[in-house]
Amino acid sequence: MSNFTKKLWNWGHLEGSHNDLVGLECQMTPEEFGKEYGIENSFIVSYGGNMQPPFRPFAERFSKLGNVIWSVIGDSSSPLPDDRLGNTKDILEALPYGNNIIGGVVDDFFSPKRMEIFTPEVLADIKKALNEKGLEFWCVLYAHELDKDLEKYISCFDGITFWIWKPEEIGDMEQYLEKFFSLAFGKKTMLGVYTYDYSVNAVMDASVFEKQLTHYFDLLKAEKTDGVVVCSSTIGDADLETNRVLKRLIKKYSEM
């Protein structure tokens, strides 16, 4: 990996996870995505509950990736774990089989149900359990959630990934980023980009994507964020202009 690609991340689900959602036939794995795009670090997140403990087989499989951050709770379509601390214990049990696991993440977190179950007290206990093993605790935050009263929750995380869900809001990304960096002050941050418009299940406007990715790569080069996350490997083998833009900009910024 180049010094630049070491700071890039895949928002990784199991291959084929998005096929029904986007109407495409894709089978690219996180490992193949890493080789194709040079993005070897990966979040590994259960989609629709398709990754359940024990995690040893998955940890062994993904041990060939770069750094990995594992889902403590899956996406919004995944059933919540029964354990009070989500899948924290399962992640810790998988550590001997995946020594590249450096953290845990809660996806689609700031919903009433998830916030009610995973209170700041519970989040603090998850963070403590992960930190004691040298792991970081991350969350997902969307632009439309920035005006919620989240400070007591945000304080429980080591890092935050930030996402603009609707492409039409990317024109306002400067204002969103200002709010985000203020809220996340003192925390590690990563900025997320979508190669597909999941808000309406349509192809993403490549020019809008390029504008967002270029700005995020500039911020990464200026060390104003800790990483950029791409969603995702699940459609990395699709014939999409955004995938071609992604490759081109990674090559450009890796050579700068």
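Which residue forms a salt bridge with Lys179? In this predicted model, local features need pLDDT of at least 70, side-chain atom pairs count only at pLDDT 80 or more, and totals for chains, interfaces and linings use all residues. Residues are numbered from 1 along each chain as its sequence is written, and side-chain values use heavy atoms, with hydrogens and water left out.

The partner of Lys179 is Asp147, with the closest N and O atoms 3.2 Å apart. A salt bridge here is a side-chain nitrogen of Lys or Arg within 4 Å of a carboxyl oxygen of Asp or Glu. Asp147 is exposed, at 65% relative accessible area, whereas Lys179 is partly exposed, at 41% (buried is under 20%, exposed over 50%, partly exposed in between, with a 1.4 Å probe and protein chains only).

By this rule there are 13 salt bridges. Among them, Lys247 pairs with Glu36, the closest N and O atoms being 2.3 Å apart. Lys247 also lies over the face of Tyr37, 5.3 Å from the ring centre; the criterion is NZ of Lys or CZ of Arg within 6 Å of the ring centre and within 35 degrees of the ring normal.

I turn now to the aromatic rings. The structure holds 22 aromatic pairs, for which ring centres of Phe, Tyr and Trp (its six-membered ring) must lie within 6.5 Å; planes under 30 degrees apart are stacked, over 60 edge-to-face, and the rest tilted. The centres of Tyr142 and Trp165 are 6.0 Å apart with planes at 80 degrees, so this pair is edge-to-face. Tyr142 is buried, at 10% relative accessible area, while Trp165 is partly exposed, at 28%.
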